[in-house]
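Here is a protein to walk through step by step. Look at the fold as a whole, then follow the links inside it.

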Amino acid sequence: MPAPPYSRLLCGAAMLGALALASPATAAGRPRISPVERPGVAQTPIEVCSFDLPLCVHAPTAVPPPAMLAALAELEHAWRAYAALGLPAPLDDGLLGGGHAFDAYLMRAGEPRAGWDMAPAAGTHDQTSAFAVLPPPGRGQRRGCAGASDAARVLAQAIALRLDAGVDDGSLAMASSYLASLVSPCGVLETVAVDDFQRAPEREIVAASPQAMDGSLLFPMFLDDRYGNGGPAAVVTGLLGVSGQRTAPGAPEWATEPDLFDALLLAERDRRLEAGDVLLEFAIARAFAGSRSDGAHLSDADRFGAMGRVRVEWSVPWATLPRRLAPVRPIQPTGATYVWLDLAGAPSGAELTFVADWELPVPFYWALVKVDGEGREAGRVEVARIFGASHAERTVVGLEGLAGVLVVGVNGGHIDRANTYDPDDAPHEPHGYTVTLVK
C-alpha cells in the first residue's frame with residue numbers, strides 16, 4: 001500500500017528520534033479523561049448506520065429520522081473527502097459504541113466536538129479512538145452549510161487524535177478547522193472565525209477551543225502555500241503524524257512532547273531557518289488576506305473580503321514623523337503586530353529609520369514591507385537580530401513610488417533556545433514594545 005501524504009513530510013524514524021531528543025517525552029499535557037462523555041444507549045437508543053462506511057449516528061427518540069439521515073450524509077461526505085486526501089480513518093473503537101463504526105451522537109445541548117476514549121491502543125505512539133457529539137441538523141447553528149462544516153470538523157479531530165492523541169486543544173482546533181474548510185466549506189462560519197482571528201493578531205495562533213470553527217486555519221493554509229508539495233493539508237497532518245509520543249501506562253495526562261510546534265521547528269532547522277522566521281513569514285502573509293489580498297501570499301484568502309483584513313495597530317502619515325508608538329495590548333507568543341506608515345508627501349530620496357525596543361525575556365522578529373500603489377508587496381527589509389537582545393534598528397531606502405511601509409512584528413516566544421515556544425506551557429505572558437519611526 002502506498003504511503004499516505006501525511007507520512008511524507010519529514011524523514012521517518014530518524015526524524016522521530018531527533019524529535020524525542022529535542023523534547024522530553026515525559027512532559028505533561030491535557031488530561032487523558034475526555035471532557036466530552038460518550039452518551040449511553042439509554043440516552044441515544046435510535047441508531048442509523050452507513051451501508052458502505054464504518055459510520056453510525058445515534059440520537060434520542062426526540063430527534064426526527066430525517067435529521068439523523070442528514071447528519072449521516074454529512075459525515076459520509078467528509079469521510080470520503082478525507083480518504084481522497086490520503087488521510088487515515090479514525091481509530092477503531094472496538095465495541096464501545098455497540099460496534100466497530102465511528103459513532104456520532106446527536107444531542108440537542110451538545111457542542112460540536114470530538115471526545116476520546118480511555119481504551120489503550122497498541123502502537124509506537126499515542127493514539128486513541130474517538131467519537132463525536134453534534135447538535136441535530138437544522139437547529140440553531142447547524143442551519144445551511146454549518147452542519148456539514150461541523151461534521152467535517154469533528155471527524156477531522158477524530159483523525160488527528162489517531163495521529164497524535166496528545167495534541168493540544170489549540171492545534172486540534174486549528175488543524176480541524178482547516179481540514180473542514182477544505183472538504184465542507186462554509187463561508188458563514190469561516191468568515192466570522194477569520195474576522196475574529198484577524199481582529200486580534202496579538203493573540204497566540206493556537207489559543208482556541210475545538211468546539212468551534214477557528215480563524216487560525218490561516219496558518220495551515222499558509223504552510224500549504226509556503227512548504228507544501230503534496231495534497232491539501234499535507235503539511236499540518238504531516239506535522240501531527242511525526243509528533244506522536246508514548247505516554248507511560250497509568251499516567252493521568254497525555255505526554256505532549258514532541259508536539260506540532262516541535263516538529264515544525266525541527267523541519268525548519270533542516271532549511272536553516274528558525275521558528276521565528278516562519279512566524280514572521282506568516283505574519284506578513286496574513287497582512288495580505290481578505291480585501292488586501294495581492295494574489296501573492298495566501299492563495300485563497302481573498303474570499304474573506306473586508307472581514308479578512310488584519311487589524312493594524314497604528315496608521316501614521318509621513319508628515320507626522322518622528323513618532324514613537326506602542327501597542328494598545330501586549331503581544332502574546334506567536335502573536336503579531338502591525339504599524340502602517342503612509343508615504344504620501346514623502347520627498348524623493350527619502351529614508352526611513354526604524355527603531356524597536358521590547359520587553360525581555362522574549363525575542364521579537366521584525367520586517368519592513370514595502371507596499372506599492374496597487375496594494376502589492378514591492379519588497380521587504382528584515383531587521384537583523386541578535387538573540388537575547390531587546391533592541392533593533394534599521395534604515396530603509398528606496399521609498400519612491402510606494403504607497404507605504406508596513407511594519408510587521410512577531411513575539412517569538414522565549415529567548416532561551418532550550419525553552420522555545422510550546423503551546424502546552426503556561427502561562428504565556430504577553431510582552432510590549434515601542435517602535436520609533438524617524439524620517
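Among contacts in the protein between residues at least 6 apart in sequence, what percentage join residues at least 24 apart? The figure is 75%. Contact here means heavy atoms within 4.5 Å.

A word on the source. This is a predicted model, in which local features need pLDDT of at least 70, side-chain atom pairs count only at pLDDT 80 or more, and totals for chains, interfaces and linings use all residues. Residues are numbered from 1 along each chain as its sequence is written, and side-chain values use heavy atoms, with hydrogens and water left out.

Start with the overall layout. The protein has 9 helices and 16 strands. Both are DSSP runs numbered from the N terminus: helices are H or I with at least four residues, strands are E with at least two. There are 439 residues, and 55% of them count as buried. Buried means under 20% relative accessible area, exposed over 50%, and partly exposed in between (1.4 Å probe, protein chains only). The accessible surface comes to about 18,000 Å². Carbon and sulfur atoms hold 57% of that surface. Such areas come from the Shrake-Rupley method with a 1.4 Å probe; for residues, only the protein chains shown count as cover.

Now go inside. The largest nonpolar core has 90 residues. Such a core is a set of buried Ala, Val, Leu, Ile, Met, Phe, Trp, Tyr and Cys residues joined through side-chain atoms within 4.5 Å. Helix 3 gives the most to this core, with 10 residues. Val-57, Tyr-82, Leu-218, Phe-219, Phe-222 and Leu-223 have the most contacts inside the core. Take Phe-219. Leaving aside neighbours within four places in sequence, Phe-219 touches Met-174, Ile-205, Leu-264, Val-278 and Phe-282. A second, separate core has 28 residues, including Trp-366, Leu-399, Val-405 and Val-407.

Next come the covalent links. The protein has 2 disulfides, each a pair of cysteine sulfur atoms within 2.5 Å. Counted along the chain, the bonded cysteines pair as 1-2, 3-4. Cys-49 is partly exposed at 29%, while Cys-56 is buried at 8%.

The other disulfide joins Cys-145 and Cys-186, also with 2.0 Å between sulfur atoms. What does this pair tie together? Cys-145 lies in the loop between strand 6 (130-134) and helix 3 (146-163), and Cys-186 in the loop between helix 4 (169-183) and helix 5 (187-199), so the link ties parts 41 residues apart in sequence. Cys-145 is partly exposed at 30%. Cys-186 is buried at 1%.

Finally, turn to charge. The whole structure holds 15 salt bridges. In each, a side-chain nitrogen of Lys or Arg lies within 4 Å of a carboxyl oxygen of Asp or Glu. Asp-103 and Arg-38 form one of them, at 3.1 Å from N to O. Asp-103 lies in strand 4 (residues 102-106) and Arg-38 in the loop between strand 1 (28-31) and strand 2 (46-49), so the pair ties together parts 65 residues apart in sequence. Both residues are buried. Another salt bridge links Glu-377 and Arg-380, with the closest N and O atoms 2.7 Å apart. Shared partners also join Arg-38, Asp-93, Asp-103 and Asp-117 into one network of salt bridges.
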